[in-house]
Amino acid sequence: MRRRALLGGGLLAALGASALYVERDSIAGLFPHDAHEDLYSLGVAFSSVPDSLASEVQAHGAASVLHAGNIPGVERTFVQPDSPPLIAGTRTLSTAHGAETLTAITQAFLEKASRPAPTPALTSLDRSALLDIFTLTWALPSPIAALSPNWRYTWPRDTAHVIVALAERGFDDWALGLLEHLVRIQRPDGTFEARYRPGTARAPDARSPQFDGIGWFLWAAASLARLGVLSSDASPASSSPTLKRALARSARAAVDATTTASGLPTPSPDYWEVPERRLTLATAAMTLSALESAAQLSKLGFLEGEAGVGTETLERSARETERALLETFGPGDFQRYARGGGFDAGLLMLLPPYQTQEFAKRNPAIAGHIDEAFEAMQRPAGGVAPGARWKRDGISWTPQTAMFAQAYARLGERERALEILEWLAAHRTSAGAISEKILADGSPAAVAPLSWPAALALSTLEALHS
């Protein structure tokens, strides 16, 4: 497979990628322009905890408060250039009320979750990503994507990745508690809104539901089952009828959505979060993931209350959906749409961990496109845009860049995965947070931290460690 240097290359790399892009897709705009976007904050830090929490920590230890759920009185704020300094090794302001308590809680979290990494930079990235997740999840009614106003919501997709990352780092009860939150906000038909007000089942606006939510929910649940967290022997909550019924409702939604003439679901917004009139590969891929995950959960006895979603039905639906997906998107080399649209992260959703290793072995051509996709999506600073046909503004996005690292790690391309992780480590804010975007000159931009790339970085490091 072809290789493209991730670091360096500068304008020459950008022009090469653009020329390839124009030649393949016959669109205008040979030269990308370098857009500017402000960095909204250097990060997020805790500024206060209630005295009652200090009493709890003194009585039962710092680890006793590391769980899902809201803790009233825990406050956090943006880190700006003129903010008080952070306590070393934490995301706590030195002036925070209850700073000693917050430091003890943070240390307890890191002691359990931290992993050794191949290089000092990646050890630092591991701790930074953990702190990113910690500040956007702990003591909140549900995880938020970021603290900035337009991101201060709970996305099923982002939450699913946080669930898996926490479970991989040993926080079984915490991960299960977050999965149970997804159960509580699930729509009656088994689907999910695009995003929610934290701790509620209410959408913040009239944005259409995203059908891929069922895939993220069932994939997270199947991941917990694989890790032994979702087990009748693990805790009563993991085998509750409420959870089983919720899983079965989403499984039913996946089966019903693929009982169509095409064998694939109807168009729905995906991670681009724009209205769609054509089915995207990402939606199709996560529907297949939903069926495969549901079949695995059914085998383990974790579906209940919905007729017609037994293991045999789910496995048959998965195979029929796989065939339809390959026939629809395969001739176009698995681009965003069946008839082109350029490569995007939907290709990565057809690879482990979202699909099974068996699927990857049956369809090696999909992994064969990963280098070409990275090249087509690459931007001047070295990361990638959400898709090859995303606007040509020169901006790299960390979630999709981190998804490539995860995919390479799962495919056994260790050095390639490490290279991308090193890039993420080198482009954090001065407070250590992973921002959403990286400008063409390498500067962090937009919100920081963002939970999705942080969770992806943690899971990628875990995959490389195991």
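This talk describes the predicted model of one protein chain, from its overall shape down to single residues.

Good morning. Let me begin with how the model is to be read. It is a predicted model, in which local features need pLDDT of at least 70, side-chain atom pairs count only at pLDDT 80 or more, and totals for chains, interfaces and linings use all residues. Residues are numbered from 1 along each chain as its sequence is written, and side-chain values use heavy atoms, with hydrogens and water left out.

First, confidence. The term pLDDT is the predictor's confidence in each residue, from 0 to 100. For the protein chain the mean pLDDT is 92, and 91% of its residues reach 70 or more. Residues 1-31, however, have a pLDDT below 50, and this stretch has 51 contacts in the model beyond near neighbours in sequence. A contact means heavy atoms within 4.5 Å. Where pLDDT is low, the predicted coordinates should not be read in detail.

Next, the overall architecture. The protein chain contains 16 helices and six strands. These elements are DSSP runs, numbered from the N terminus: helices are H or I with at least four residues, and strands are E with at least two.

How compact is the protein chain? Its radius of gyration is 21 Å, close to the 23 Å that the globule rule gives for 466 residues, so the chain is as compact as a globular protein of that length. The radius is taken over C-alpha atoms, and the globule rule is 2.2 Å times the number of residues to the power 0.38. Along its principal axes, the C-alpha trace spans about 60 × 55 × 40 Å.

Of the 466 residues, 62% count as buried. Buried means under 20% relative accessible area, exposed means over 50%, and partly exposed lies in between, with a 1.4 Å probe and protein chains only. Among the contacts in the protein chain with a separation of 6 or more, 70% come from residues 24 or more positions apart.

T103 sits in helix α3, residues 99-113. Is T103 buried or exposed? T103 is buried, because its relative accessible area is 15%. Leaving aside neighbours within four places in sequence, T103 is in contact with I87 and T90.

A248 belongs to helix α8, residues 241-257. With 0% relative accessibility, A248 counts as buried. Which residues does A248 touch, not counting those up to four places away in sequence? They are L303, E304, E306 and V309. A248 and S268 are 20 residues apart along the chain, and their C-alpha atoms are separated by 21 Å.

D172 is partly exposed, because its relative accessible area is 33%. Not counting residues up to four places away in sequence, D172 touches A167 and V229.

Let us move to the loops and to backbone geometry. Most residues other than glycine have a negative phi, and most peptide bonds are trans. Several places in this model depart from that pattern, as follows.

In the loop between α10 (311-329) and α11 (357-362) we find P353. A cis peptide bond joins P352 and P353, with omega about 15°. F334 lies in the loop between α10 and α11. Although F334 is not a glycine, it has a positive phi of about 60°. F334 counts as buried, at 6% relative accessibility.

The loop between β6 (444-445) and α16 (451-465) holds P449. Here a cis peptide bond joins A448 and P449, and omega is about -5°. A446 is placed in the loop between β6 and α16. Phi of A446 is near 70°, a positive value in a residue other than glycine. A446 is buried, with a relative accessible area of 0%.

Finally, A440 lies in the loop between β5 (437-438) and β6. A440 is buried, with a relative accessible area of 18%. Not counting residues up to four places away in sequence, A440 touches D34, P380, A381 and G394. The C-alpha atoms of A440 and T123 are separated by 26 Å, and these two residues are 317 residues apart along the chain.

Thank you for your attention.
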